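Have the model open beside you and follow along.

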Amino acid sequence: MRASPREGSGGSAAPVSRREETERAIRMVTSELPGPKAKEKIERFNRNVSNVRYHILNGLFQETTIGSLITDPDGNRFVDMLSGVGVNAIGGAHPKVVAAVNAQMQRGAHFNMAVAPFEVYGEFLTRLTSTMPEGLRTGGGILGNSGAEAVEAAMKLARSHTDRPIIIALDPCFHGRTAAALAATTGAKGRKHLGGALTGVVHASYPYAYRAPEGVNVTDWAIGTVENVLRQIAPKENVAALIMETIAGEPGVIIPPKDYLPRLQKLLKENGILHIADEVQVGIGKTGRPWAVDHFGVTPDIITFAKAAGGGLPLGGIVARKEISDAWPSGHHASTFGGNAVACAAGIATLDVMQQDGLVDRAARTGEAFLKRLREIDSELIGEVRGAGMLFGLELVTDQRRKTPAVQQATEIKEAALRQGVALSTTGPYGNVVRLSPALNIPQQYLDEAAEVLERAFKQVKA
Ligand SMILES: Cc1ncc(COP(=O)(O)O)c(C=O)c1O
């Protein structure tokens, strides 16, 4: 199958040369997936990669990821509506990131922060905190290599600052796969066999309006579950912090009601409990505001970030309010590779590009229009369409009243899209949410292509 951006636009376009046509072509899938070369490479890949591996997109072998286009070894091209699950926020291999990486490599890749200070580490945090809500701009941060490492640091800091052991998390949620982060993360599959190893976290309910009990006020209900934890399970004297994805990405792009976070913060303050905003997936412009908390007018005590931070290189970390970060005893936390100089240089370049190209505002504008388009898709499978900035979720159900998760159909939509050259994912506790998380600067033409493919996929997949 072959497609160009002009496909379906009528016959009025002037004839174009083959070269022009190739250059203009965005999606192009010419073979069965995986094609012969990809198949060989996948077999080779599997030889020494643990069976624990899983792939959102079966049949794809990623050869290049440049801008918002993924190519495979058979010459197939896919519009990237996933951006490495939010990492390639300014597209893959952005020339300014490549230049910054090369320049930093000339000066040295690794300067251990535990040995002595170095420029790009501090500079990155200065630049990043300048985008944060007022109360965090004067705050202090520490860098690591991943989202889970950031969550670990946030939980550790909260515990040490309050000298209280318990963290409250909200189900459903995803905070990472290392011990403390996994104790916070819900989803039975990832917790199997770990039993007593996952300690110190108690769960209340995420304000998930679509799946809240019928007829309740979602904010009242969800806040009530936190109050219940404090009353029945963990007295406030034991609780260090509540960790919450400000907008929940892996659980299916769940957006809390506007009044939830202000009310939650009030409750936490009254009980001396810190608010950790996990913005690993939704921070740094993803939702059309610099930080997702900006949608709700709250400033957390500690914020986590990763994914988009390093422009494709591993970089994550936390920033805490000044009074909290200043009180963190020297030497209580560090990371050998955390804040790697090359990753920091890439991170600074990423922030530069976002600022110079106005990408956060673009994400808000373009995202709103794209969300509208998604809401116009006519399918009895669609239970709810949610979105903020460049993050979208379509929750699929086989029965609108019972909200029975349409797991198989969501998978079929994902597979049909891939076969037509669009890479997207499914997520959520049931796996019935089609998630799109394109780069903030994805060209409009690519978005149009993706919308067309999605519309077609919904026609092909039956309830
Ligand atoms: C909200 C959130 N927190 C933490 C993590 C863990 O990040 P990592 O996979 O980099 O450890 C993720 C990853 O998807 C995430 O979405």
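**Entry 1: α15 and α16**

I began by asking: is the crossing in which α15 passes α16 left-handed or right-handed? I found that α15 passes α16 in a right-handed crossing. By definition, a crossing is right-handed if the near helix is turned clockwise from the far one by less than a right angle, and left-handed if anticlockwise.

Before going on, I noted two ground rules. The model is predicted, so I kept in mind that local features need pLDDT of at least 70 and that side-chain atom pairs count only at pLDDT 80 or more, while totals for chains, interfaces and linings use all residues. Residues are numbered from 1 along each chain as its sequence is written.

Helices here are DSSP runs of H or I with at least four residues, and strands are E runs of at least two, numbered from the N terminus. Helix α15 spans residues 407–419 and helix α16 spans residues 444–460; their axes come within 9 Å and cross at roughly 130°. Axes are lines fitted to C-alpha atoms, for helices over the stretch in contact, with angles from 0 to 180 degrees between N-to-C directions. I therefore put α15 and α16 down as oblique to each other. The scheme calls angles under 35 degrees roughly parallel, over 145 roughly antiparallel, 65 to 115 roughly perpendicular and the rest oblique.

Next I looked up who meets whom. From α15 come Ile413, Ala416 and Ala417, and from α16 come Val453, Leu454, Ala457, Phe458 and Gln460. Contact means that C-beta atoms, placed from the backbone, lie within 7 Å. By class, this contact of α15 with α16 has 7 nonpolar residues, 1 polar and no charged ones. Ala, Val, Leu, Ile, Met, Phe, Trp, Tyr, Cys and Pro count as nonpolar, Asp, Glu, Lys and Arg as charged, and the others, Gly among them, as polar.

**Entry 2: α4 and α13**

I then turned to helix α4 (residues 95–107) and helix α13 (residues 341–356), whose axes come within 8 Å and cross at roughly 150°. That makes α4 roughly antiparallel to α13. Their crossing is right-handed. On the α4 side I listed contact residues including Lys96, Val97, Ala100 and Met105, and on the α13 side Ala341, Ala345, Ile348 and Asp352 are among them. The class count for α4 with α13 is 12 nonpolar, 2 polar and 2 charged residues.

**Entry 3: the sheet of 7 strands**

Which order do the 7 strands of the open sheet follow? I read it as β4-β10-β9-β8-β7-β5-β6, with mixed pairing. Two strands pair if DSSP finds at least two bridges between them. At the edges I found β4 and β6 (201–205), each pairing on one side only. The twist averages 20° from one strand to the next.

Strand β4 (residues 140–144) has 4 of its 5 residues buried, so it is largely enclosed by the rest of the structure. Buried means 20 or more other C-beta atoms within 10 Å of a residue's own, exposed means 12 or fewer, and partly exposed lies in between, with C-beta atoms placed from the backbone.

The neighbour of β4 is strand β10 (residues 316–320), paired with β4 in the antiparallel sense over 5 bridges. In β10, 5 of the 5 residues are buried. Both faces are covered, with Gly316, Ile318 and Ala320 on one side and Gly317 and Val319 on the other. Strand β9 (residues 302–305) also pairs with β10, antiparallel over 4 bridges, and Ile302 stands opposite Ala320.

I also noted helix α10 (residues 218–233), which lies across β5 (166–171), β6 and β7 (239–245) and runs at about 145° to β6.

**Entry 4: the sheet of 4 strands**

Here I found an open sheet in the order β1-β2-β3-β14, again with mixed pairing. β1 (64–66) and β14 (422–423) stand at the edges with a single partner strand each, so one side of each has no neighbour in the sheet. β1 and strand β2 (residues 69–71) run antiparallel, joined by 3 bridges, and Thr64 stands opposite Thr71.

**Entry 5: Leu374**

Last, I checked Leu374, in helix α14 (residues 359–375). Leu374 is buried, with 20 other C-beta atoms within 10 Å. Leaving out residues up to four places away in sequence, Leu374 touches Val385, Gly387, Phe392 and Leu394.

Methods. Two residues are in contact if their C-beta atoms, placed from the backbone, lie within 7 Å.
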